[in-house]
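Here are my notes on the two-chain model you sent over.

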Amino acid sequence: MTNNQSYGGADHIEALLALADDHLILGHRLSEWCGHAPMLEEDLSLPNMALDLLGQARNLFAHVANLENCGKSEDDLAYLRSDREYKNCLMVERPNGDFAHTMLRQLYFAAFMQPYWQAMEDSTDDTLRALAGKAEKEMSYHIRHAGEWVVRLGDGTEESAHRMVNAVVALHPYTDELFEISAPLQNCIEHGLLPDPTPIRAPWQAMIEDIFSQAYLTIPDVPFPQEGGRHGRHTEDFGHLLSELQYMQRAYPGMAW
Amino acid sequence: MSVAAKQDLSTARAWAAASAVVDPEVPCVTIADLGILRSVELQGDTAIAHVTPTYSGCPAVLAIELAVEAALLEAGFNPRVERVLSPPWTTDWITEEGQSKLKAYGIAPPVKASGSKRALFDDTVIACPRCESHNTQKVSEFGSTACKAQYRCCDCSEPFDYFKCI
(Lines give C-alpha, C1' and ligand atoms only; values in the text may rest on other atoms or scores of the structure.)
Protein backbone atom coordinates (compact mmCIF):
# COMPACT_ATOMS: atom_id res chain seq x y z
CA MET A 1 0.00 0.00 0.00
CA THR A 2 1.47 3.29 -1.09
CA ASN A 3 1.76 6.05 1.46
CA ASN A 4 -0.86 8.68 0.61
CA GLN A 5 1.70 11.41 0.74
CA SER A 6 4.57 9.96 -1.31
CA TYR A 7 5.18 9.25 -4.99
CA GLY A 8 2.00 8.00 -6.67
CA GLY A 9 -0.10 8.65 -3.56
CA ALA A 10 -3.43 10.46 -3.44
CA ASP A 11 -1.82 13.83 -2.75
CA HIS A 12 0.60 13.47 -5.64
CA ILE A 13 -2.30 12.68 -7.97
CA GLU A 14 -4.40 15.55 -6.61
CA ALA A 15 -1.64 18.16 -6.89
CA LEU A 16 -0.68 17.07 -10.42
CA LEU A 17 -4.33 17.22 -11.49
CA ALA A 18 -4.64 20.81 -10.26
CA LEU A 19 -1.63 21.69 -12.41
CA ALA A 20 -3.00 19.76 -15.39
CA ASP A 21 -6.41 21.43 -14.99
CA ASP A 22 -4.87 24.92 -15.07
CA HIS A 23 -3.31 24.09 -18.43
CA LEU A 24 -6.33 22.28 -19.88
CA ILE A 25 -8.78 25.05 -19.00
CA LEU A 26 -6.58 27.95 -20.08
CA GLY A 27 -5.75 26.07 -23.29
CA HIS A 28 -9.48 25.63 -23.91
CA ARG A 29 -10.16 29.32 -23.29
CA LEU A 30 -7.39 30.37 -25.70
CA SER A 31 -8.70 27.98 -28.34
CA GLU A 32 -11.99 29.90 -28.26
CA TRP A 33 -10.13 32.77 -29.95
CA CYS A 34 -9.44 30.66 -33.05
CA GLY A 35 -10.94 32.57 -35.99
CA HIS A 36 -11.88 35.56 -33.81
CA ALA A 37 -8.55 37.25 -33.11
CA PRO A 38 -8.19 40.94 -34.02
CA MET A 39 -5.59 40.19 -36.71
CA LEU A 40 -4.20 37.25 -38.66
CA GLU A 41 -0.93 37.03 -36.72
CA GLU A 42 -2.85 36.76 -33.46
CA ASP A 43 -5.15 34.21 -34.99
CA LEU A 44 -2.00 32.12 -35.42
CA SER A 45 -0.46 32.89 -32.05
CA LEU A 46 -3.47 32.28 -29.79
CA PRO A 47 -4.23 28.74 -31.04
CA ASN A 48 -0.46 28.07 -31.06
CA MET A 49 -0.29 28.96 -27.38
CA ALA A 50 -3.47 26.95 -26.75
CA LEU A 51 -1.68 24.00 -28.33
CA ASP A 52 1.32 24.45 -26.03
CA LEU A 53 -0.97 24.48 -23.00
CA LEU A 54 -3.07 21.52 -24.15
CA GLY A 55 0.13 19.57 -24.88
CA GLN A 56 1.45 20.32 -21.40
CA ALA A 57 -1.94 19.36 -19.91
CA ARG A 58 -2.01 16.13 -21.87
CA ASN A 59 1.49 15.18 -20.73
CA LEU A 60 0.45 15.77 -17.14
CA PHE A 61 -2.81 13.82 -17.49
CA ALA A 62 -0.92 10.93 -19.12
CA HIS A 63 1.58 10.98 -16.26
CA VAL A 64 -1.21 10.89 -13.67
CA ALA A 65 -3.02 8.11 -15.55
CA ASN A 66 0.17 6.03 -15.48
CA LEU A 67 0.49 6.31 -11.71
CA GLU A 68 -0.41 3.04 -10.12
CA ASN A 69 -3.24 4.25 -7.91
CA CYS A 70 -4.99 6.48 -10.38
CA GLY A 71 -7.27 3.95 -12.07
CA LYS A 72 -8.42 6.38 -14.77
CA SER A 73 -7.32 7.07 -18.33
CA GLU A 74 -6.08 10.47 -19.49
CA ASP A 75 -9.37 10.96 -21.36
CA ASP A 76 -11.41 10.13 -18.24
CA LEU A 77 -9.42 12.74 -16.36
CA ALA A 78 -9.67 15.46 -18.98
CA TYR A 79 -13.25 14.90 -20.14
CA LEU A 80 -15.29 12.94 -17.66
CA ARG A 81 -14.95 14.52 -14.26
CA SER A 82 -17.66 16.68 -12.74
CA ASP A 83 -17.14 20.39 -12.12
CA ARG A 84 -16.23 20.03 -8.44
CA GLU A 85 -13.50 17.53 -9.31
CA TYR A 86 -11.57 20.07 -11.39
CA LYS A 87 -9.04 21.92 -9.25
CA ASN A 88 -7.86 24.66 -11.63
CA CYS A 89 -7.38 28.17 -10.32
CA LEU A 90 -10.26 30.53 -11.07
CA MET A 91 -8.31 32.92 -13.29
CA VAL A 92 -7.95 30.40 -16.13
CA GLU A 93 -11.69 29.72 -16.31
CA ARG A 94 -12.70 33.41 -16.52
CA PRO A 95 -14.30 34.26 -19.87
CA ASN A 96 -11.84 35.66 -22.40
CA GLY A 97 -13.30 39.15 -22.32
CA ASP A 98 -11.60 41.42 -24.85
CA PHE A 99 -8.10 40.96 -26.26
CA ALA A 100 -6.61 43.04 -23.42
CA HIS A 101 -8.15 40.68 -20.84
CA THR A 102 -6.80 37.62 -22.61
CA MET A 103 -3.29 39.03 -22.97
CA LEU A 104 -3.10 40.16 -19.35
CA ARG A 105 -4.27 36.77 -18.07
CA GLN A 106 -1.69 35.11 -20.32
CA LEU A 107 1.04 37.31 -18.86
CA TYR A 108 -0.02 36.66 -15.25
CA PHE A 109 -0.14 32.91 -15.84
CA ALA A 110 3.02 32.54 -17.94
CA ALA A 111 5.07 34.77 -15.62
CA PHE A 112 4.12 32.36 -12.84
CA MET A 113 4.45 29.07 -14.74
CA GLN A 114 7.80 29.74 -16.41
CA PRO A 115 9.76 29.89 -13.11
CA TYR A 116 7.51 27.20 -11.61
CA TRP A 117 8.31 24.75 -14.42
CA GLN A 118 11.94 25.74 -14.04
CA ALA A 119 11.79 24.84 -10.34
CA MET A 120 10.19 21.50 -11.32
CA GLU A 121 13.42 20.56 -13.08
CA ASP A 122 14.67 19.67 -9.58
CA SER A 123 11.64 17.49 -8.75
CA THR A 124 12.12 13.96 -7.42
CA ASP A 125 9.46 12.92 -9.97
CA ASP A 126 11.46 11.86 -13.07
CA THR A 127 8.62 12.30 -15.55
CA LEU A 128 7.77 15.74 -14.26
CA ARG A 129 11.40 16.76 -14.55
CA ALA A 130 11.44 15.73 -18.19
CA LEU A 131 8.19 17.55 -18.99
CA ALA A 132 9.33 20.68 -17.18
CA GLY A 133 12.46 21.16 -19.30
CA LYS A 134 10.35 21.62 -22.40
CA ALA A 135 7.41 23.51 -20.90
CA GLU A 136 9.64 26.09 -19.27
CA LYS A 137 11.03 27.15 -22.65
CA GLU A 138 7.56 27.30 -24.18
CA MET A 139 6.32 29.56 -21.39
CA SER A 140 9.19 31.98 -22.01
CA TYR A 141 7.62 32.60 -25.42
CA HIS A 142 4.23 33.23 -23.85
CA ILE A 143 5.68 35.78 -21.43
CA ARG A 144 7.39 37.69 -24.20
CA HIS A 145 4.35 37.69 -26.46
CA ALA A 146 1.84 38.68 -23.77
CA GLY A 147 4.22 41.18 -22.18
CA GLU A 148 4.72 42.99 -25.48
CA TRP A 149 0.96 43.26 -25.95
CA VAL A 150 0.34 44.54 -22.43
CA VAL A 151 2.88 47.32 -23.04
CA ARG A 152 1.53 48.11 -26.50
CA LEU A 153 -2.08 48.33 -25.31
CA GLY A 154 -1.34 50.08 -22.01
CA ASP A 155 0.86 52.62 -23.79
CA GLY A 156 -1.42 52.79 -26.84
CA THR A 157 -4.54 54.76 -27.64
CA GLU A 158 -6.94 56.13 -25.06
CA GLU A 159 -9.28 53.26 -25.85
CA SER A 160 -6.63 50.51 -25.55
CA ALA A 161 -5.24 51.99 -22.31
CA HIS A 162 -8.77 52.13 -20.88
CA ARG A 163 -9.35 48.46 -21.73
CA MET A 164 -6.01 47.45 -20.26
CA VAL A 165 -6.83 49.21 -16.97
CA ASN A 166 -10.20 47.45 -16.89
CA ALA A 167 -8.48 44.11 -17.42
CA VAL A 168 -6.10 44.75 -14.50
CA VAL A 169 -8.99 45.62 -12.19
CA ALA A 170 -10.94 42.54 -13.26
CA LEU A 171 -8.12 40.00 -13.18
CA HIS A 172 -5.66 41.04 -10.50
CA PRO A 173 -7.84 39.69 -7.67
CA TYR A 174 -7.38 36.20 -9.18
CA THR A 175 -3.57 36.23 -9.03
CA ASP A 176 -3.25 35.35 -5.33
CA GLU A 177 -4.58 31.90 -6.01
CA LEU A 178 -1.56 31.07 -8.19
CA PHE A 179 0.50 31.03 -5.00
CA GLU A 180 -2.01 29.12 -2.86
CA ILE A 181 -0.64 26.00 -1.21
CA SER A 182 -3.36 23.38 -0.88
CA ALA A 183 -2.94 20.47 1.54
CA PRO A 184 -1.98 18.01 -1.25
CA LEU A 185 0.52 20.49 -2.67
CA GLN A 186 2.03 21.02 0.78
CA ASN A 187 2.69 17.29 1.07
CA CYS A 188 4.19 17.18 -2.41
CA ILE A 189 6.48 20.08 -1.53
CA GLU A 190 7.66 18.24 1.57
CA HIS A 191 8.46 15.17 -0.55
CA GLY A 192 10.28 17.19 -3.22
CA LEU A 193 7.71 16.17 -5.84
CA LEU A 194 6.52 19.70 -6.62
CA PRO A 195 8.13 23.07 -5.92
CA ASP A 196 6.97 25.60 -3.36
CA PRO A 197 5.43 28.57 -5.23
CA THR A 198 6.27 31.00 -2.41
CA PRO A 199 9.83 31.89 -3.54
CA ILE A 200 8.46 32.71 -7.00
CA ARG A 201 6.16 35.41 -5.67
CA ALA A 202 8.70 38.25 -5.36
CA PRO A 203 10.28 37.76 -8.82
CA TRP A 204 6.77 37.37 -10.31
CA GLN A 205 5.67 40.65 -8.76
CA ALA A 206 8.88 42.35 -9.95
CA MET A 207 8.32 41.19 -13.52
CA ILE A 208 4.70 42.37 -13.53
CA GLU A 209 5.71 45.74 -12.03
CA ASP A 210 8.43 46.17 -14.64
CA ILE A 211 6.01 45.49 -17.51
CA PHE A 212 3.29 47.62 -15.89
CA SER A 213 5.68 50.56 -15.52
CA GLN A 214 6.27 50.47 -19.30
CA ALA A 215 2.53 50.16 -19.87
CA TYR A 216 1.50 53.00 -17.52
CA LEU A 217 -0.41 50.54 -15.35
CA THR A 218 -0.35 50.09 -11.60
CA ILE A 219 -1.00 47.05 -9.47
CA PRO A 220 -4.30 47.65 -7.67
CA ASP A 221 -5.04 47.02 -4.02
CA VAL A 222 -6.97 43.80 -3.68
CA PRO A 223 -8.97 43.73 -0.45
CA PHE A 224 -10.74 40.47 -1.37
CA PRO A 225 -8.60 38.02 -3.36
CA GLN A 226 -10.68 35.45 -5.27
CA GLU A 227 -10.07 31.80 -4.52
CA GLY A 228 -11.82 28.45 -4.33
CA GLY A 229 -10.76 26.68 -7.50
CA ARG A 230 -8.19 24.54 -5.71
CA HIS A 231 -11.07 23.20 -3.59
CA GLY A 232 -13.38 22.62 -6.54
CA ARG A 233 -15.45 25.78 -6.02
CA HIS A 234 -15.77 27.42 -9.41
CA THR A 235 -17.35 30.47 -10.99
CA GLU A 236 -20.63 30.24 -12.87
CA ASP A 237 -18.85 30.40 -16.23
CA PHE A 238 -17.03 27.15 -15.54
CA GLY A 239 -20.11 24.96 -16.06
CA HIS A 240 -20.67 26.52 -19.47
CA LEU A 241 -17.03 25.91 -20.37
CA LEU A 242 -17.23 22.26 -19.29
CA SER A 243 -20.42 21.64 -21.27
CA GLU A 244 -18.52 22.55 -24.43
CA LEU A 245 -15.27 20.86 -23.43
CA GLN A 246 -16.98 17.58 -22.51
CA TYR A 247 -19.70 17.49 -25.14
CA MET A 248 -18.09 14.98 -27.50
CA GLN A 249 -17.10 12.44 -24.84
CA ARG A 250 -20.49 12.74 -23.14
CA ALA A 251 -22.48 12.43 -26.35
CA TYR A 252 -20.30 9.69 -27.87
CA PRO A 253 -18.65 7.87 -24.95
CA GLY A 254 -15.23 6.47 -25.78
CA MET A 255 -15.04 8.14 -29.18
CA ALA A 256 -11.55 8.51 -30.61
CA TRP A 257 -10.20 10.36 -33.63
CA MET B 1 28.71 -14.31 -40.81
CA SER B 2 28.64 -14.40 -37.02
CA VAL B 3 25.39 -13.98 -35.10
CA ALA B 4 26.62 -10.67 -33.69
CA ALA B 5 27.43 -9.33 -37.16
CA LYS B 6 23.98 -10.36 -38.41
CA GLN B 7 22.41 -8.60 -35.47
CA ASP B 8 24.39 -5.42 -36.25
CA LEU B 9 23.28 -5.59 -39.85
CA SER B 10 19.63 -5.96 -38.84
CA THR B 11 19.88 -3.07 -36.41
CA ALA B 12 21.41 -0.92 -39.15
CA ARG B 13 18.55 -1.91 -41.49
CA ALA B 14 15.97 -1.02 -38.83
CA TRP B 15 17.64 2.33 -38.25
CA ALA B 16 17.73 3.00 -42.00
CA ALA B 17 14.00 2.29 -42.27
CA ALA B 18 12.99 4.43 -39.27
CA SER B 19 15.37 7.28 -40.01
CA ALA B 20 13.98 7.73 -43.53
CA VAL B 21 10.62 8.88 -42.14
CA VAL B 22 10.08 12.57 -42.91
CA ASP B 23 8.46 15.14 -40.65
CA PRO B 24 4.83 15.49 -41.79
CA GLU B 25 4.84 19.27 -41.30
CA VAL B 26 8.36 19.96 -42.56
CA PRO B 27 8.74 17.22 -45.19
CA CYS B 28 12.19 18.39 -46.36
CA VAL B 29 13.84 16.83 -43.30
CA THR B 30 13.79 13.34 -41.84
CA ILE B 31 13.16 12.65 -38.18
CA ALA B 32 16.84 11.68 -37.92
CA ASP B 33 17.84 15.11 -39.29
CA LEU B 34 15.67 16.76 -36.65
CA GLY B 35 17.07 14.61 -33.86
CA ILE B 36 13.60 13.29 -33.01
CA LEU B 37 14.67 9.66 -33.59
CA ARG B 38 17.00 8.92 -30.71
CA SER B 39 17.84 5.25 -31.32
CA VAL B 40 16.60 1.94 -32.70
CA GLU B 41 17.34 -1.35 -30.96
CA LEU B 42 16.46 -4.94 -31.72
CA GLN B 43 15.03 -7.45 -29.27
CA GLY B 44 14.48 -10.68 -31.19
CA ASP B 45 12.49 -9.66 -34.25
CA THR B 46 11.04 -6.60 -32.50
CA ALA B 47 12.54 -3.24 -33.50
CA ILE B 48 12.13 -0.63 -30.78
CA ALA B 49 12.39 2.96 -31.96
CA HIS B 50 12.93 5.65 -29.36
CA VAL B 51 11.25 8.87 -30.44
CA THR B 52 11.15 12.19 -28.61
CA PRO B 53 8.55 14.94 -29.13
CA THR B 54 9.60 18.47 -30.12
CA TYR B 55 7.00 20.76 -28.56
CA SER B 56 4.67 19.58 -25.76
CA GLY B 57 1.64 20.09 -27.95
CA CYS B 58 3.14 19.13 -31.31
CA PRO B 59 0.24 17.56 -33.23
CA ALA B 60 2.71 15.75 -35.50
CA VAL B 61 3.90 13.43 -32.71
CA LEU B 62 1.22 10.78 -33.29
CA ALA B 63 1.63 10.95 -37.07
CA ILE B 64 5.38 10.50 -36.71
CA GLU B 65 5.02 7.54 -34.36
CA LEU B 66 2.59 5.85 -36.75
CA ALA B 67 4.88 6.50 -39.71
CA VAL B 68 7.85 4.97 -37.86
CA GLU B 69 5.77 1.88 -37.03
CA ALA B 70 4.71 1.54 -40.64
CA ALA B 71 8.29 1.94 -41.91
CA LEU B 72 9.62 -0.72 -39.53
CA LEU B 73 6.76 -3.07 -40.40
CA GLU B 74 7.48 -2.67 -44.09
CA ALA B 75 11.16 -3.46 -43.48
CA GLY B 76 10.07 -6.77 -41.96
CA PHE B 77 10.30 -5.97 -38.27
CA ASN B 78 7.78 -6.25 -35.51
CA PRO B 79 7.62 -2.53 -34.67
CA ARG B 80 7.40 -0.83 -31.32
CA VAL B 81 7.70 2.91 -30.73
CA GLU B 82 8.64 4.22 -27.32
CA ARG B 83 8.32 7.87 -26.43
CA VAL B 84 11.37 9.30 -24.67
CA LEU B 85 11.00 12.55 -22.74
CA SER B 86 14.41 12.92 -21.17
CA PRO B 87 16.68 14.65 -22.03
CA PRO B 88 14.17 17.05 -23.60
CA TRP B 89 14.53 17.84 -27.29
CA THR B 90 15.85 21.27 -28.19
CA THR B 91 16.74 22.80 -31.54
CA ASP B 92 20.37 21.86 -30.80
CA TRP B 93 19.43 18.28 -31.69
CA ILE B 94 18.92 19.25 -35.34
CA THR B 95 21.91 17.91 -37.30
CA GLU B 96 24.03 20.09 -39.58
CA GLU B 97 22.59 18.25 -42.54
CA GLY B 98 19.11 18.99 -41.19
CA GLN B 99 19.99 22.68 -40.88
CA SER B 100 21.16 22.94 -44.48
CA LYS B 101 18.10 21.01 -45.73
CA LEU B 102 15.82 23.44 -43.88
CA LYS B 103 17.60 26.40 -45.43
CA ALA B 104 17.43 24.92 -48.94
CA TYR B 105 13.68 24.41 -48.39
CA GLY B 106 13.25 28.11 -47.53
CA ILE B 107 13.06 27.81 -43.74
CA ALA B 108 15.69 29.76 -41.81
CA PRO B 109 17.27 27.27 -39.38
CA PRO B 110 17.54 28.14 -35.66
CA VAL B 111 20.57 30.34 -35.18
CA LYS B 112 21.58 30.11 -31.55
CA ALA B 113 22.30 27.46 -29.02
CA SER B 114 19.09 27.00 -27.10
CA GLY B 115 20.85 26.81 -23.76
CA SER B 116 21.02 30.53 -23.15
CA LYS B 117 18.05 32.70 -22.27
CA ARG B 118 19.40 35.21 -24.77
CA ALA B 119 18.36 32.88 -27.54
CA LEU B 120 14.79 33.65 -26.51
CA PHE B 121 14.97 37.27 -25.59
CA ASP B 122 17.38 39.20 -27.71
CA ASP B 123 16.51 40.25 -31.22
CA THR B 124 18.77 37.96 -33.15
CA VAL B 125 19.32 38.81 -36.80
CA ILE B 126 17.85 36.08 -38.97
CA ALA B 127 19.33 35.76 -42.45
CA CYS B 128 16.93 35.36 -45.36
CA PRO B 129 17.18 31.72 -46.53
CA ARG B 130 16.79 32.83 -50.17
CA CYS B 131 19.05 35.84 -50.65
CA GLU B 132 21.17 35.75 -47.46
CA SER B 133 20.24 39.36 -46.65
CA HIS B 134 20.34 40.32 -42.99
CA ASN B 135 17.79 43.04 -43.61
CA THR B 136 14.85 41.00 -42.33
CA GLN B 137 11.86 41.69 -40.14
CA LYS B 138 9.84 39.58 -37.73
CA VAL B 139 6.19 39.49 -38.78
CA SER B 140 4.84 37.16 -36.14
CA GLU B 141 6.24 35.32 -33.14
CA PHE B 142 4.09 32.35 -34.08
CA GLY B 143 3.83 30.78 -37.50
CA SER B 144 2.17 28.04 -39.51
CA THR B 145 3.26 25.34 -37.07
CA ALA B 146 4.20 25.32 -33.39
CA CYS B 147 7.91 25.25 -34.21
CA LYS B 148 8.07 28.24 -36.55
CA ALA B 149 7.89 32.05 -36.51
CA GLN B 150 7.20 34.28 -39.51
CA TYR B 151 9.70 36.70 -41.01
CA ARG B 152 9.98 38.71 -44.16
CA CYS B 153 13.03 39.77 -46.14
CA CYS B 154 13.14 43.53 -46.75
CA ASP B 155 15.52 43.13 -49.71
CA CYS B 156 14.03 40.32 -51.80
CA SER B 157 10.55 40.85 -50.28
CA GLU B 158 10.03 37.14 -49.68
CA PRO B 159 8.16 36.06 -46.56
CA PHE B 160 9.80 33.07 -44.90
CA ASP B 161 9.49 30.76 -41.91
CA TYR B 162 12.07 30.72 -39.14
CA PHE B 163 12.56 27.57 -37.08
CA LYS B 164 12.31 28.95 -33.53
CA CYS B 165 15.06 28.27 -31.03
CA ILE B 166 13.96 26.39 -27.98
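One definition before the points: a residue counts as buried if 20 or more other C-beta atoms lie within 10 Å of its own, and as exposed if there are 12 or fewer, with partly exposed in between. Keep in mind too that this is a predicted model.

1. Let's start with helix α8 of chain A, which covers residues 183–190. Its buried residues are Pro184(A), Leu185(A), Asn187(A) and Cys188(A). Looking down the axis of α8(A), those buried residues fall within an arc of 160°, so they line one face of the helix. What do the buried residues of α8(A) pack against? Their partner is α1 of chain A, residues 10–31. Just after α8(A) comes Gly192(A), which takes a positive phi of about 70°.

2. Next, have a look at the pair α6 (residues 126–154) and α7 (residues 158–171) of chain A. Their axes come within 7 Å and cross at roughly 125°, which makes α6(A) oblique to α7(A). On the α6(A) side the contact is made by Val150(A), Leu153(A) and Gly154(A). From α7(A), Ser160(A), Ala161(A), Arg163(A) and Met164(A) take part. By class, the residues of this contact split into four nonpolar, two polar and one charged.

3. The loop between α6 and α7 of chain A is where you'll find Asp155(A). Is Asp155(A) buried, exposed or partly exposed? It has 14 other C-beta atoms within 10 Å, so Asp155(A) is partly exposed. Leaving aside residues up to four places away in sequence, Asp155(A) touches Gln214(A), Ala215(A) and Tyr216(A).

4. Now for where the chains meet. The contact takes 23 residues from chain A and 16 residues from chain B. On the chain A side, α2 (40–66) and α6 each supply at least two residues. Which element gives the most to the side of chain A that touches chain B? That would be α6(A), with 13 residues. Sorted by class, the side of chain A that touches chain B has seven nonpolar, nine polar and seven charged residues.

5. Over to chain B as a whole. Its secondary structure comes to five helices and seven strands, and from the N terminus on the elements run α-α-β-β-α-β-α-β-α-β-β-β. The C-alpha trace of chain B spans about 60 × 30 × 25 Å along its principal axes. Of the 166 residues in chain B, 40% are buried. Taking contacts in chain B between residues at least 6 apart in sequence, 54% join residues at least 24 apart.

6. Last point: the domains of chain B. The domain assignment gives domain 1 (3–83) and domain 2 (95–163). How far apart do the C-alpha centres of the two domains of chain B lie? The distance is 27 Å. Eleven residues from domain 1 of chain B and ten residues from domain 2 of chain B make up the contact. On the domain 1 side that touches domain 2 of chain B, the residues divide into six nonpolar, three polar and two charged.

Technical notes. Residues are numbered from 1 along each chain as its sequence is written. Chains are lettered from A and ligands numbered from 1 in the order in which they are written. This is a predicted model: local features need pLDDT of at least 70, side-chain atom pairs count only at pLDDT 80 or more; totals for chains, interfaces and linings use all residues. Domain bounds come from an automatic or database domain assignment. Two residues are in contact if their C-beta atoms, placed from the backbone, lie within 7 Å. Ala, Val, Leu, Ile, Met, Phe, Trp, Tyr, Cys and Pro count as nonpolar, Asp, Glu, Lys and Arg as charged, and the others, Gly among them, as polar. Helices (H or I, at least four residues) and strands (E, at least two) are DSSP runs, numbered from the N terminus. The arc is that of the directions from the helix axis to the C-beta atoms. Axes are lines fitted to C-alpha atoms, for helices over the stretch in contact, and angles run from 0 to 180 degrees between N-to-C directions. Angles under 35 degrees count as roughly parallel, over 145 as roughly antiparallel, 65 to 115 as roughly perpendicular and the rest as oblique.
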